[in-house]
Amino acid sequence: MAHSSASSAHPTTLRSHVVQVRMPLMLAGILIPSFSLPVLLFAGFSLSDGDRGTGWGLLLVGLLMLATAWPLLRRSMLPLLATLTPRSLRLEPRDRSLAYGVQPLEVPLREITGYGELLSQGGSHIKLYREHGPMLQLADRPKRGIPAAEAELPGLVDVLTLSGAMQGQAATGGATAETLHRPNFYQGWAGRALAWLCYALMALAGVLLFVPGVEWTVSLRLFTFTALYLGLYRRNQRPTPAA
């Protein structure tokens, strides 16, 4: 599904299999296991010291924390079918979203005041800023999760093409690309400052390779973490072009 070909065709109705990303729930689902591991370690130490009351209590708390993380992650990514018409974007629940009681949402295009784009290691995300209501963050749904009956719907495109088509419609109505585009974190001053810090740390890592008594693994860790951030930084420098 090429961005350029689908955007230029502009069929009457575009569809996209997406997941709505709810970042607070996702962060909670990721961070809770990180906090549960120390709890489980302390539980093990307490049990080994013979303090069964504290040990079993901490063990129960740690296991409950782990059991909570997976449902939070599932609720943080709601599968939807996005349908773009000349007037609105309709988001219809699919699969587990139906079980969670998620209701269809109709977003008039005139109420979308800005568009953002984030390219992560896991795929492409778009952000829709609305005049009334919270920001919507949508990402491509993994193909393996799409039911076979809906895998070949007419007018299917990816989220970047969907965003480009919406911006194209807004531009037709007189909106400018500068007005529509919302910079992401990596395009702001904080993202650039962190990138320069990463460059400095990479230079430091190169110097540490020649310092006696410093393990080479220190440089390896610096190179690894800074390279991960700089890779995301470089990918997110370009704004989403209007279709």
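Reply: What follows goes through the salt bridges, then the charges over rings, then a few other local features.

The model is predicted. It holds four salt bridges.

Start with Arg90. The side chains of Arg90 and Glu92 form a salt bridge, 3.7 Å from N to O. Arg90 also bridges to Glu106, and here the N to O distance is 3.0 Å. This second pair links distant parts of the chain: Arg90 is in strand 3 (residues 88-93), Glu106 is in strand 4 (residues 105-108), and 16 residues separate them. Shared partners join Arg90, Glu92 and Glu106 into one network.

How buried or exposed are these three? Arg90 has a relative accessible area of 30%, so it is partly exposed. Glu92 is partly exposed too, at 24%. Glu106 has 41% and also counts as partly exposed. The cut-offs explain the label: partly exposed lies between buried, under 20%, and exposed, over 50%.

Now take Arg94. Its side chain meets that of Glu150 in a salt bridge of 2.8 Å, N to O. This pair also links distant parts of the chain, 56 residues apart. Arg94 is in the loop between strand 3 and helix 4 (96-99). Glu150 is in the loop between strand 7 (136-140) and helix 5 (159-172). Both Arg94 and Glu150 are buried.

Other arginines sit over rings. The charged end of Arg75 is over the ring of Tyr100, 4.0 Å from the ring centre. Arg182 lies over the face of Tyr129, and the distance to the ring centre is 4.5 Å.

Phe42 is exposed, with 51% relative accessibility. Elsewhere, ring pairs link Phe185, Tyr186, Tyr229 and Tyr233 into a cluster.

Helix 2 also holds Met23. Met23 is partly exposed, at 31% relative accessibility. Together with Leu27, Ile30, Leu31 and Phe35, Met23 makes a nonpolar surface patch of about 480 Å².

Last, a buried residue. Ser124 lies in strand 6 (residues 123-130). Its relative accessible area is 17%, so Ser124 counts as buried. Beyond its sequence neighbours up to four places away, Ser124 touches Leu118, Leu119, Leu138, Ala139, Asp140, Val159 and Leu160.

Conventions. Residues numbered from 1 in each chain as written. Predicted model: local features only at pLDDT ≥ 70, side-chain atom pairs only at ≥ 80, totals over all residues. Heavy atoms only, no water. Helix = DSSP H or I, 4+ residues; strand = E, 2+ residues; numbered from the N terminus. Buried < 20%, exposed > 50% of the residue type's maximum accessible area, 1.4 Å probe, protein only. Contact = heavy atoms within 4.5 Å. Phe/Tyr/Trp six-rings, centres within 6.5 Å; stacked < 30°, edge-to-face > 60°. Lys NZ or Arg CZ within 6 Å of the ring centre and 35° of its normal. Patch = residues over 30% accessible without salt bridge, like charges linked within 9 Å, V, L, I, M, F, W, Y side chains within 5 Å. Areas by Shrake-Rupley, 256 points an atom, 1.4 Å probe, with all protein chains shown as cover.
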